[in-house]
Amino acid sequence: MSGPVNVLVILAVIALVVVRQISASRISGDRRWWVLPGVLLVMSLREPGLVDHHHETLSVVVLGAELVVGVVTGAAWGWTARLWRAEDGSLWSKGTKATVYVWTGGLALRAALYGVAAALGIHQGSPALMMALAVTLLVRSGVLARRAAEIPPSYGVSADRAPSAPAWKDRV
């Protein structure tokens with residue numbers, strides 16, 4: 001894919017993620033949380049320009065720093081999201097104010113890394129940004145999946161059905 005298409009994919013993913021964080025979203029138990037980050041990762045690896053061949057060592061160092069920022073941002077993002085069970089036993093997630101701070105900090109660190117790279121003459125294309133975004137989403141989704149697995153089912157709710165009437169009355 002071309003650079004502009006990569007940028008559009010990145011912007012679309014960021015928009016989707018931000019919209020999902022602003023509103024409460026249901027967490028499904030389908031174990032496919034890794035698919036979107038996996039697709040982004042494969043796309044970033046297939047594109048040329050992941051590493052600047054004129055400054056390979058420095059480019060790899062900057063990319064590594066970008067991935068570390070992605071891991072830290074993703075983990076913090078996953079831990080700052082609010083998780084809860086609804087009355088029907090479904091699991092929900094929503095970003096908090098702390099999530100906004102994590103996003104802001106992660107973006108500031110990424111901008112600083114790109115600034116340092118540009119000052120050193122290192123070219124970083126959209127594949128590096130796409131890979132960092134994939135790592136961030138992968139870690140965030142993994143943390144959320146782990147946290148969700150630790151939340152016990154609601155009282156009177158089985159995994160495959162809504163609360164029974166007597167169990168609901170006992171809770172009120």
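Here are some notes on this predicted model, going from the overall layout down to single residues.

1. **Ground rules.** Because this is a predicted model, local features need pLDDT of at least 70 and side-chain atom pairs count only at pLDDT 80 or more, while totals for chains, interfaces and linings use all residues. Residues are numbered from 1 along each chain as its sequence is written, and side-chain values use heavy atoms, with hydrogens and water left out.

2. **Overall layout.** The protein chain has six helices and three strands, in the order α-β-α-α-β-β-α-α-α. Helices (H or I, at least four residues) and strands (E, at least two) are DSSP runs, numbered from the N terminus. Of the 172 residues, 35% are buried; buried means under 20% relative accessible area, exposed over 50%, and partly exposed in between (1.4 Å probe, protein chains only).

3. Take contacts (heavy atoms within 4.5 Å) between residues at least 6 apart in sequence: 77% of them join residues at least 24 apart.

4. **The core.** The largest nonpolar core has twelve residues: I10, V13, V17, L40, M43, W77, V102, W103, M130, L133, A134 and L137. Such a core is a set of buried Ala, Val, Leu, Ile, Met, Phe, Trp, Tyr and Cys residues joined through side-chain atoms within 4.5 Å. Two or more residues each come from α1, α2 (35-46), α4 (97-119) and α5, with α5 giving the largest share, four residues. As for V13, leaving out residues up to four places away in sequence, its contacts are L36, L40, L133 and L137.

5. **α3 against α5.** Helix α5 (residues 126-150) packs on α3 at an angle of about 30°, with the axes 7 Å apart. Axes here are lines fitted to C-alpha atoms, for helices over the stretch in contact, and angles run from 0 to 180 degrees between N-to-C directions.

6. Is T73 buried or exposed? T73 is buried, at 8% relative accessible area. Beyond its neighbours within four places in sequence, T73 contacts V102, G106 and T136.

7. **V7, for contrast.** V7 lies in helix α1 (residues 3-22) and counts as partly exposed because its relative accessibility is 39%. The C-alpha atoms of V7 and L129 are 9.0 Å apart, although 122 residues separate the two along the chain.
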